[in-house]
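Here is a short report for a reader meeting this structure for the first time. Look at the sequence and the model, then read on.

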Amino acid sequence: MDKQAVISIKNLWAGYEADMVLEDINFDMFQDDFVGLIGPNGGGKTTLIRVILGLIKPEKGQITVMGQEPARGRKHIGYVSQFQVEDKHFPISVWDVAAMGRLRPNFLHNFRLSSQDNDAIEMALKETGMIDFRKRRIYELSGGQRQRVYISRALATEPKILLLDEPTSSVDSQSSNQLYELLSELNNHIAILLISHDLTAISASVKTIGCVNRRLVYEGNKEITDEMVEVGYGCPVDLIAHGVPHRVLPSHQHEVWHD
Ligand SMILES: Nc1ncnc2c1ncn2[C@@H]1O[C@H](COP(=O)(O)OP(=O)(O)OP(=O)(O)O)[C@@H](O)[C@H]1O
Ligand SMILES: [Mg+2]
């Protein structure tokens with residue numbers, strides 16, 4: 001499986017009823033990749049994640065996850081969603097949140113953690129540096145710590161691919177740098193797809209960058225191209241700062257908004 005894509009998308013169109021949010025998406029992601037996808041609010045980033053997770057069926061085109069249709073392949077995906085529900089005053093411990101990564105479809109009838117489950121949870125909390133917090137309530141943690149717990153929950157599934165939707169949107173820049181460091185380490189054995197609408201949040205740790213705004217511009221390298229910026233934002237913007245060493249932003253000569 002050396003060169004087999006872990007996620008492969010070809011000529012894919014998807015959306016909601018009349019609204020085709022994603023148009024003609026082509027994307028291949030491999031096991032050692034760490035891809036950052038940027039794009040404006042409403043551009044279709046979360047929708048793309050839903051398609052990859054098999055929650056939305058494409059209108060046209062093909063998608064595979066670990067060589068299988070998404071509904072089957074998604075068991076190899078650890079997912080950290082854009083919004084979390086347990087944040088406020090829900091008396092659940094750090095351990096229990098991570099343990100949710102081990103739930104199986106019939107858990108309501110008969111769910112007991114096996115020693116294998118416990119080992120996976122412990123390993124996940126160790127990887128994120130949250131094991132010492134395992135008895136704490138989730139709402140007692142800072143935003144950055146909480147985010148690590150949600151990553152632990154995703155890791156407890158022992159995924160081949162980690163999908164993160166805006167993981168740094170509610171954490172300060174120091175915590176977000178630490179999160180990126182953690183993700184870089186995890187990328188030694190897990191393919192990572194990171195979504196953000198914030199260009200500045202994409203740090204040095206991503207290996208390649210793409211942009212989604214209905215269309216996906218992704219060439220498998222780390223340059224933020226003129227095309228990406230125009231597709232994503234309508235005009236070149238000057239806010240790509242730290243962590244993107246080889247950006248190529250041509251000077252702003254074309255008056256995109258006057259056309
Ligand atoms: N469940 C839904 N039903 C109908 N339309 C939806 C649904 N979810 C999203 N949309 C629409 O699809 C478009 C893309 O939304 P999506 O959530 O994928 O954007 P996004 O890039 O993740 O944005 P953000 O940066 O704000 O998270 C938007 O116009 C949105 O209103
Ligand atoms: Mg979103």
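Helix α1 gives the largest share of the shell around ligand 1, three residues. This is a predicted model.

**The ligand shell**

In total, 13 residues surround ligand 1. The closest are Y16, N41, K45, T46 and T47. Two elements give two or more residues to this shell: β2 and α1, which spans 45–52. The table sorts the shell by residue class.

| Class | Residues in the shell around ligand 1 |
|---|---|
| Polar | nine residues |
| Nonpolar | two residues |

Strand β1 covers residues 7–16. Six bridges join β1 and β2 in the antiparallel sense. One bridge can be named by its residues: A14 has L22 in β2 as its partner.

**The whole chain**

How many helices and strands does the chain hold? There are seven helices and nine strands. The chain has 259 residues, and buried residues make up 39% of them. Now take the contacts between residues at least 6 apart in sequence: 65% of these join residues at least 24 apart.

How values were computed
Residues numbered from 1 in each chain as written. Chains lettered and ligands numbered in written order. Predicted model: local features only at pLDDT ≥ 70, side-chain atom pairs only at ≥ 80, totals over all residues. Pairing = 2+ DSSP bridges. Helix = DSSP H or I, 4+ residues; strand = E, 2+ residues; numbered from the N terminus. Near = placed C-beta within 6 Å. Nonpolar A, V, L, I, M, F, W, Y, C, P; charged D, E, K, R; others polar. Buried ≥ 20, exposed ≤ 12 C-beta atoms within 10 Å, placed from the backbone. Contact = placed C-beta atoms within 7 Å.
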